[in-house]
Amino acid sequence: MPMEYNKKDYEIAFALVSPEAAKELENVLTQQGAEIFYRSPVAEIRLAYPIKKHASAQFGFYYFKANGDAISKIKEALNLNPNVLRFLIVTPPVK
């Protein structure tokens, strides 16, 4: 069975240090074989409390398809990236 059929839909929401960090996040996703099919505009937000000494962040979200085993590798890479303040990966509800 080809790997394409094992890919599921995911959503990642993120808070980044700078707008340029969105490219780094996209690179991490594509290196793990994820296919991004929707990108929200990345916008600056004020944080309710400082995260890693930052009072504001660049917020956005992407929808992508990936294999389940790639998710843990994506999480590991993003946790090590200093330009990613926070992120959350979920499977969107079925419509």
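**A pocket and its aromatic neighbours**

Visitor: What lines the largest pocket?
Guide: In this predicted model, the lining of the largest pocket consists of Asp 9, Phe 37, Tyr 63, Thr 91, Pro 92, Pro 93, Val 94 and Lys 95.

Visitor: And what is the volume of that pocket?
Guide: The volume of the largest pocket is about 220 Å³.

Visitor: How many of the lining residues are nonpolar, polar or charged?
Guide: Five residues of the lining are nonpolar, one is polar and two are charged.

Visitor: Phe 37 and Tyr 63 are both in that lining. Which aromatic cluster do they belong to?
Guide: Phe 37 and Tyr 63 form one aromatic cluster together with Tyr 38 and Phe 61.

Visitor: How many aromatic pairs are there?
Guide: The count comes to six aromatic pairs. One of them joins Phe 14 and Tyr 62, with 5.0 Å from centre to centre and 65° between the planes, an edge-to-face arrangement.

Visitor: Where in the chain do those two residues lie?
Guide: Phe 14 belongs to strand β1 (residues 8-16) and Tyr 62 to strand β4 (residues 54-66). The two are 48 residues apart, and the pair thus links distant parts of the chain.

Visitor: Are Phe 14 and Tyr 62 buried or exposed?
Guide: Both Phe 14 and Tyr 62 are buried.

Visitor: What sits over the ring of Tyr 62?
Guide: The charged end of Arg 39 sits over that ring, 5.9 Å from the centre.

Visitor: Changing topic, where is Leu 16, and is it buried or exposed?
Guide: Leu 16 is in strand β1. Its relative accessible area is 0%, so Leu 16 is buried, the limit being under 20%. Leu 16 and Ser 56 are 9.0 Å apart in space, C-alpha to C-alpha, and 40 residues apart in sequence.

Visitor: What is the mean pLDDT of the chain?
Guide: The mean pLDDT is 93, with 95% of the residues at 70 or more.

Visitor: In which elements is confidence lowest and highest?
Guide: Confidence is lowest in helix α2 (residues 68-80), with a mean of 95, and highest in strand β5 (residues 84-90), at 97.

How values were computed
Residues are numbered from 1 along each chain as its sequence is written. This is a predicted model: local features need pLDDT of at least 70, side-chain atom pairs count only at pLDDT 80 or more; totals for chains, interfaces and linings use all residues. Side-chain values use heavy atoms; hydrogens and water are left out. pLDDT is the predictor's confidence in each residue, from 0 to 100. Helices (H or I, at least four residues) and strands (E, at least two) are DSSP runs, numbered from the N terminus. On a 1 Å grid over the protein atoms alone, a cavity is a set of points where a 1.4 Å probe fits but cannot get out, and a pocket is an open set with protein on both sides within 12 Å along at least five of seven lines; lining residues have an atom within 4 Å of a point. Grid points are joined across faces, edges and corners, and a volume is the space filled by probe spheres set on the points. Ala, Val, Leu, Ile, Met, Phe, Trp, Tyr, Cys and Pro count as nonpolar, Asp, Glu, Lys and Arg as charged, and the others, Gly among them, as polar. Rings of Phe, Tyr and Trp (its six-membered ring) pair if their centres lie within 6.5 Å; planes under 30 degrees apart count as stacked, over 60 as edge-to-face and the rest as tilted. Buried means under 20% relative accessible area, exposed over 50%, partly exposed in between (1.4 Å probe, protein chains only). A charge sits over a ring if NZ of Lys or CZ of Arg is within 6 Å of the ring centre and within 35 degrees of the ring normal.
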